[in-house]
Amino acid sequence: MKQSQAALVTGAGGALGRAIARRLAADGHDVAVLDRDADSLEQTAELVAKEGARVLALTTDLRDPAAIEEAVDRTATELGPLRCLVNNAAVYPSRAFLEVPLAEYDEVVAVNQRAYWVAAQAAARHLSDVGGGTIVNVASITMHGGWDSLAAYISTKGAAVAFTRALARELGPAEIRVNCVSPGAFPTAAEEIHENPEAYQRHVLDHQALKRRGQPDELAAVVSFLAGADSSFVTGQCIEVNGGWVMS
Ligand SMILES: NC(=O)c1ccc[n+]([C@@H]2O[C@H](COP(=O)([O-])OP(=O)(O)OC[C@H]3O[C@@H](n4cnc5c(N)ncnc54)[C@H](O)[C@@H]3O)[C@@H](O)[C@H]2O)c1
């Protein structure tokens, strides 16, 4: 009988999370998909099931730490053993730094940073019980050079990289590998924060080495590589997936 390789993807109702969930399913994982938006989550769950995987849809608000722990535990119990967590969900309210209310900052940190921590902690307990596994955190190209009116978001994305390195060091002895992907500019709902879509498109293509837009599947392929056995000696790394915009 095939050994189940369960993965949990947060923010799986969004374009990148959906592509990641589908690719993990295509590459042999059973996949728990988590989002607070039940409608988009349902669409993702249907697409994941079409890849032939077992799927668990978890309508969960990542601002609630207890709900995150419950979602991770349900993944392990209902699809397990849990082998992989992808911390992908994020919020990105756009507002000038001096006008950001503390409540908005707190919400960004709760979803983009604290939830990554809580999910990783809950997952790591399961991963160490089964001899190891992988955690992939999603950062952002914006952490390299900033971007107007996104300071809270960008600070959480820088934190995702430092968190990745700290966890990779601490969890390595348990054979838990922790890596990060840093997406460039992908055409998703996230782009709606830019006022002039045509100017933004020009800006992206001017800066990338590749003169075309990246597609969510191209990020998902890298996440699946980091999630699976082909990257068995890779940990603590952050892979830039940005068409050659920032090179590191
Ligand atoms: N799209 C890009 O170009 C780009 C660039 C750099 C980094 N990223 C990163 O990629 C990841 C995915 O981005 P995306 O473009 O797919 O964004 P998206 O907004 O399409 O998807 C994010 C998902 O997270 C969910 N979410 C938000 N708050 C939540 C909460 N409290 N509880 C549960 N779910 C919640 C949303 O409902 C949404 O489905 C994010 O971490 C983002 O920072 C994206």
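A helix axis here is a line fitted to C-alpha atoms over the stretch in contact, and angles are taken between N-to-C directions. With that in hand, welcome to this predicted model. Its largest nonpolar core holds 59 residues, and helices α3 and α4 cross at roughly 35°.

**The cores**
- Setting aside neighbours within four places in sequence, V86 touches L8, V9, T10, I20, L24, V136, V138 and V223.
- There is also a second, separate core of five residues, among them I141, A185, Y200 and V204.
- As background, nonpolar side chains tend to be buried together in soluble globular proteins.

**Where α3 meets α4**
- Two packed helices are described by the angle and the distance between their axes.
- For α3 (residues 65–79) and α4, the axes come within 9 Å, and the crossing is right-handed.
- On the α3 side, the contact is made by P65, I68, E69, V72, D73 and A76.
- Their partners in α4 are R114, A115, V118, A119, A122, A123 and H126.
- By type, the residues of this contact are nine nonpolar, three charged and one polar.

**Helix α6**
- Helix α6 runs over residues 151–171 and has 21 residues.
- From first C-alpha to last, α6 reaches 30 Å, close to the 30 Å expected at 1.5 Å a residue.
- Its buried residues include Y153, I154, F163, L167 and L171.
- The buried residues of α6 pack against α4, α5 (142–145) and the strands β5 (133–138), β6 (176–183) and β7 (238–241).

How values were computed
Residues numbered from 1 in each chain as written. Predicted model: local features only at pLDDT ≥ 70, side-chain atom pairs only at ≥ 80, totals over all residues. Heavy atoms only, no water. Core = buried A, V, L, I, M, F, W, Y, C linked by side-chain atoms within 4.5 Å. Buried < 20%, exposed > 50% of the residue type's maximum accessible area, 1.4 Å probe, protein only. Contact = heavy atoms within 4.5 Å. Axes fitted to C-alpha atoms, helices over the stretch in contact; angles between N-to-C directions. Helix = DSSP H or I, 4+ residues; strand = E, 2+ residues; numbered from the N terminus. Left-handed = near helix turned anticlockwise from the far one by under 90°. Nonpolar A, V, L, I, M, F, W, Y, C, P; charged D, E, K, R; others polar. Expected span 1.5 Å × (residues − 1).
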